[in-house]
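Me: I would like to learn how to read a few geometric features of a protein model, one after another. Could you give the general idea each time and then turn to the case at hand?

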Amino acid sequence: MSFDHACMARALELARKGRYSTHPNPRVGCVIARDGQVVGEGWHVRAGEPHAEVHALRQAGAQARGATAYVTLEPCSHHGRTPPCADALVAAGVARVVVAMQDPNPQVAGNGLARLVQAGIEVSSGVLEAEARTLNAGFIKRMEQGLPFVRVKLAMSLDGRTAMASGESQWITGPAARAAVQRLRASASVVLSGADTVLADHARLTVRPDELGLDAELTALAATRPPLRVLIDGRLRVPLDVPFFQAGATLVATCAAAMARERYLDAGHELLAVPGSSGHVDLHKLLAELAGRGANEVLVEAGPRLAGAFAREGLVDEYQLFVAPKFLGSSARPLLDLPLARMAEAQALKIVEIRAVGDDWRIIALPQGE
């Protein structure tokens, strides 16, 4: 591995530390090296605080002059909640900047790199770009398409069942898989479910810091930025005294009349009217609304009907399936409500990872063509 690649790999490692806290900003890491030695490191911790480049420059101090900065995302060039990082790199006197990818944010989109070039700094782009894009897939999709990255989490038995016919489903998978799901929740901007799941499972869909299995620093950061919990309840069937509502403020997406709005507001929740038909919320419009609120990643934890609706409408970017080594039987509930009549209608997936998680297995799969 070349020195450039090694430094960028380290910058990506630093950026991943922001997985649970940078929302709605992207996850960014920075390494500053001089004469073959790393002299500064930094990562973006949370929105409104200094960016990765600033932390790394502070650590490098005077050694930044004439050095190379490795950044996982193009340095910003605009004044937001913090000053432009491109200007900070120019002021520090770095001689070269290597970035993994251009920023898809229209406010930046090449302007940061142009600012560096204008200042006489050598610029290289595209080092470990695929890894950088994967890390910020949600931010990129929101900037480019106005939609969040949708990850559907499903827990099933080896025979593809998610619950007994009675609705009983706790627990299909073991503690290690449940901890992995907690980390998925903590890294998401939004955790979304439907009325059926909330009613049948008494689900709260909160992040439980003591079950994350992270170090103390990341656990503390995750606890300070809980995801927005969203309930799709087209007909307002879920009473306000269920555990989901008792666990904290939520956003309820519904097609029902707005006359119930005050009742939800009084209980500390927000009611969002979303167009739909036959009591079913338009999922694409809901996702666009969530993206408009800064949501990069949406984690869907729902039953077969709602998960199937996301699949049917082509709104899923990634499936994470947790498979338990047990059979629930032919009368148990299926994974997805996805009625197909012919083999030609089958939805093809590309499996990108299969890994043991405790006694269970996790399969990460992408809709074919993604």
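Predicted model: local features only at pLDDT ≥ 70, side-chain atom pairs only at ≥ 80, totals over all residues.

Me: Which residues are the closest to the centre of the largest cavity?

Reply: The lining comprises 17 residues, and those closest to the centre are Thr22, Asn25, Arg27, Asn296 and Glu297. Sorted by class, the lining of this largest cavity has nine polar residues, together with four nonpolar and four charged ones.

Me: How should I read the packing of two helices, and at what angle do H2 and H3 pack?

Reply: Two packed helices are described by the angle between their axes and the distance between the axes. Helix H2, which covers residues 52-60, packs against helix H3, residues 85-92, at an angle of about 20°, and their axes are 9 Å apart. Because angles under 35 degrees count as roughly parallel, H2 is roughly parallel to H3. The crossing of this pair is left-handed.

Me: Which residues of H2 and H3 meet?

Reply: From H2 the contact takes Glu53, Val54 and Leu57, which meet Cys85, Ala88, Leu89 and Ala92 of H3. By class, the residues of this contact are six nonpolar and one charged, with no polar residue.

Me: What is the arrangement of H3 and H4?

Reply: The axes of H3 and helix H4, residues 111-118, come within 9 Å and cross at roughly 20°, so H3 is roughly parallel to H4. Here, however, H3 passes H4 in a right-handed crossing. On the H3 side the residues are Ala86, Asp87, Leu89 and Val90, and they meet Gly112, Arg115 and Leu116 in H4. The contact of H3 with H4 divides into four nonpolar residues, one polar and two charged.

Me: Finally, what should I look for in the backbone, and which residues does a cis peptide bond join?

Reply: Most residues other than glycine have a negative phi, and most peptide bonds are trans. In this model a cis peptide bond, with omega about 0°, joins His23 and Pro24, and Pro24 is found in the loop between helix H1 (3-16) and strand E1 (29-34).

Me: Where does Asp35 lie, and what is its phi?

Reply: Asp35 lies in the loop between E1 and strand E2 (37-43), and its phi is near 55°, a positive value in a residue other than glycine.

How values were computed
Residues numbered from 1 in each chain as written. Heavy atoms only, no water. 1 Å grid on protein atoms, 1.4 Å probe; cavity = no way out; pocket = protein on both sides within 12 Å on 5 of 7 lines; lining within 4 Å. Nonpolar A, V, L, I, M, F, W, Y, C, P; charged D, E, K, R; others polar. Axes fitted to C-alpha atoms, helices over the stretch in contact; angles between N-to-C directions. Helix = DSSP H or I, 4+ residues; strand = E, 2+ residues; numbered from the N terminus. Parallel < 35°, antiparallel > 145°, perpendicular 65-115°, else oblique. Left-handed = near helix turned anticlockwise from the far one by under 90°. Contact = heavy atoms within 4.5 Å.
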